[in-house]
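Work through the exercises below with the structure in view. Try each task before reading its solution.

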Amino acid sequence: MTFFLIASIIKLLVVFTLIMVGVALLTWLERRVCALMQDRLGPNRVGPFGLLQPAADGLKNIIKEETYPATADFWTFILAPAVSFTPALLTFAVIPFGAPLNTKWGDVPLVVADLPVGFLYILAISSLGVYGIVLAGWSSNNKYALLGGLRASAQLISYEIAMGMSTVAVLLLAGNVSLNQIVAQQQGSIIHWNIFPLSLAFFIFIVSAFAETNRVPFDLPEAEAELVAGYHAEYSSMKFSMFYIAEYSNMVTASALMATLFFGGWSVPFTTWGQSGSPTLIQTLVTMAVFFAKTFCFLFLYIWVRWTLPRFRYDQLMSLGWKVMLPLALVYLTVIATAIWFFHDFLGWAYDTRFSLALFAVNVALAIPLLFVLDRGHIVAGSVERRRA
Amino acid sequence: MPITVKVLRRPTGGTSYLRAMFKGMLLTFSHIFRPKVTMQYPEEKSSKDWTLSSRWRGTHRMLTDEQGRAKCVACGLCPQICPANCIKLVPGEDEQGNRYPLIYEIDEFRCVFCGYCQEVCPEEAIHVGVHYENSEFERGRFVYDLERLCAQTHPVSTLWDPSDPKGE
């Protein structure tokens, strides 16, 4: 018991520090990548390659003046950044980030809280983040902030459903809601990664995850061109910074979740480290590195998309959410459940490579008509209509 | 009259948004590896694409003769022509009857950097300079006296010559 407590506290501190440092570096990365994509250099003055820029930003934010709008609802106004910040960090608690660490007192699972209902916990907590945004928008007593808050709530509710539906497919395949079990199920060959048997679920999930984290092309709650800064228009100094930290930790969590649910989590391809017997220290470190590499790929994707794609119009966002994503997720769930029943129970196949490939074929068969509809009849046509001669 | 909304006709049948999206993503990604345009200012002050023009009109410089005295003969043309009225000149005369400036001050805050003083100077003494780093900690330091004007070392501006418009 003592060992469990001490191990948990250490894990807590390590994960918290990792996320905070990760978020800080992410702001740096965002600015550097943005600059590079625009043929600039970006922040490179503070420290080597500008790596200490987040520290400088943090220092600046702490010593800046805090302003309170005269008509704001004072306590809610103060509470809102914390309310948006906390769930963003809470979610990471159940994501396993490495093979169990083998110590002389026993194996330590590398996850802050190894909940058997880990996935349900994520669904429950991740939607709490919207309260912070709505409260911030409402309590600021500013029409732009309020509009930002309204948009955030509408958007999160619309996409939460599709996101939940898409992940049910993962649960069907794993037969469990524990994230460690989901990782274990994907171990072995790369074909076992859920991206192959459940490609469309990943597509729905990634679109919803972008919407959930309020990132371009779904960053309507802050849409700087129309809403000034949206829900955080009235915030200054560290409270403003907390919204940023919340946004970036949400990104980290969503990326980690994508890696865990669809890309094998911390499992190293073609090995069964961590599942068969106690892993060595090296194996644990390698699995951690693999997990962070996978997460980093998605974080980069977030940044890459942000500096490429334009923002949706609000009605487009809503119609995509309700008219495309939700029905798609429902239909997909039905089809994939039927397919799993057919292959597993009717034909009696085991969950192996053949099973994954068969499901992948089902996905491809579904994806072609879907892309045909989404892309208005032009899957591989030119992006601009050819002038008729 | 009812409010009407102009509906733009968009090519709904002919465009592939997926492909356009991937093209855009590839484009931004390829830009990561292209040469950057940033000039790292305090270390680099000019690049092969950009240098300060030799006609740049910046803070003044007074040229000196071999003995290190200002070339100025205190003729009074520059305070006369100065549109901003920023030159203060008090002429003096020595035993041989040579005129020299007792006080020669330029208020760089008032100056509009038109370069007329350089153009009008018969002795080619006062010049505007190819120089732009002028920050000071006090406002008073922006009134340059004769000693300071003579001590400046930056290159002087090449004014536009109507008889040689391309500077050849």
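**Exercise 1. Find the order and pairing sense of the three-strand open sheet in chain B.**

Solution. The order is 2-3-5, and the pairing is antiparallel. Strand 2 (87-93) and strand 5 (143-144) of chain B stand at the edges, each with a single partner strand, so one side of each has no neighbour in the sheet. Strands here are DSSP runs of E, at least two residues long, and helices are runs of H or I, at least four, numbered from the N terminus. Two strands pair if DSSP finds at least two bridges between them. Strand 3 (residues 99-107) and strand 5 of chain B are joined by two bridges. Ile106(B) sits opposite Tyr144(B) of strand 5.

A note on the source: this is a predicted model, where local features need pLDDT of at least 70, side-chain atom pairs count only at pLDDT 80 or more, and totals for chains, interfaces and linings use all residues. Residues are numbered from 1 along each chain as its sequence is written, while chains are lettered from A and ligands numbered from 1 in the order in which they are written.

**Exercise 2. Are the faces of strand 4 (residues 126-129) of chain B covered or uncovered?**

Solution. Take the strand side by side. Ile126(B) and Val128(B) lie on one side, His127(B) and Gly129(B) on the other. All four are buried, and both faces are covered. Buried means 20 or more other C-beta atoms within 10 Å of the residue's own, with C-beta atoms placed from the backbone. Next, the partner: strand 1 (residues 58-62) of chain B pairs with strand 4 of chain B in the antiparallel sense over four bridges. In that pairing, Met62(B) has Ile126(B) as its bridge partner.

**Exercise 3. Describe how helix 3 (residues 74-90) and helix 5 (residues 129-139) of chain A cross.**

Solution. Start with the axes, which are lines fitted to C-alpha atoms over the stretch in contact, with angles from 0 to 180 degrees between N-to-C directions. They come within 7 Å and cross at roughly 160°. Helix 3 and helix 5 of chain A are therefore roughly antiparallel, a label for angles over 145 degrees.

How values were computed
A residue is buried if 20 or more other C-beta atoms lie within 10 Å of its own, exposed if 12 or fewer, and partly exposed in between; C-beta atoms are placed from the backbone. Angles under 35 degrees count as roughly parallel, over 145 as roughly antiparallel, 65 to 115 as roughly perpendicular and the rest as oblique.
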